[in-house]
Amino acid sequence: TDATKEIRIIFKKNQEMKEHSAPKPIVVEIFEGEINFGVNQKELHLKKGDLIALEANVPHNLFCIEDAIVRLTIAKSDSINRVNKVVS
């Protein structure tokens, strides 16, 4: 859209995205598989069809339980380079 970008991230079982935060609000949707999503000292078990929305600057992490496809919606003013650094 004029305001957002959609990014598909493919995770393999046991792959981890360490704690980080985004400078703008985000939405994470699970298209396939299962992940544990850590936020606010809680671990949420997310599976196909689940989604979570976070305000800007909320620390979170992700651990892939079963091979997964995740859709990340970020504000266009955010940077794809920042996202790539977090994933690698």
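View A. The structure is a predicted model, in which local features need pLDDT of at least 70 and side-chain atom pairs count only at pLDDT 80 or more, whereas totals for chains, interfaces and linings use all residues. Residues are numbered from 1 along each chain as its sequence is written, and side-chain values use heavy atoms, with hydrogens and water left out. A22 belongs to the loop between β2 and β3. Its C-alpha atom is separated by 8.5 Å from that of I74, although the two residues are 52 residues apart along the chain.

**View B. The protein chain contains 1 helix and 6 strands.** Helices (H or I, at least four residues) and strands (E, at least two) are DSSP runs, numbered from the N terminus. Read from the N terminus, the order of elements is β-β-β-β-β-β-α. The C-alpha atoms fill a box of roughly 30 × 25 × 25 Å along the principal axes. Of the 88 residues, 34% count as buried.

**View C. Strand β6 (residues 60–75) is joined by bridges to β1 (residues 4–11), to β2 (residues 16–20) and to β3 (residues 26–39).** Two strands pair if DSSP finds at least two bridges between them. Strands β1 and β6 run antiparallel and are joined by 8 bridges; within this pairing, F11 has A68 as its bridge partner. The pairing of β2 with β6 is likewise antiparallel and comprises 3 bridges, with H20 partnered by H60. Between β3 and β6, also antiparallel, there are 12 bridges, and E29 of the chain stands opposite R71 in β6. In a regular strand the side chains alternate between the two faces of the sheet.

**View D. H60, in strand β6, is buried, with a relative accessible area of 4%.** A polar atom of the H60 side chain lies 2.8 Å from the backbone oxygen of V58. Contact means heavy atoms within 4.5 Å. Leaving aside neighbours within four places in sequence, H60 is in contact with residues including H20, A22, F37 and L54.

**View E. T73, also found in strand β6, is buried, with a relative accessible area of 15%.** The side chains of T73 and E6 are joined by a polar contact of 2.5 Å. A polar contact is a pair of N or O atoms within 3.5 Å; within protein, one atom must be able to donate a hydrogen and the other to accept it, and residues adjacent in sequence count only if both atoms are side-chain atoms. Apart from residues up to four places away in sequence, T73 touches T4, K5, E6, P25, I26 and V27.

**View F. The largest nonpolar core has 21 residues, and V28 and F37 have the most contacts inside it.** The elements that give two or more residues to this core are β1, β3, β5 (51–54) and β6. A nonpolar core is a set of buried Ala, Val, Leu, Ile, Met, Phe, Trp, Tyr and Cys residues joined through side-chain atoms within 4.5 Å.

Terms used: Buried means under 20% relative accessible area, exposed over 50%, partly exposed in between (1.4 Å probe, protein chains only).
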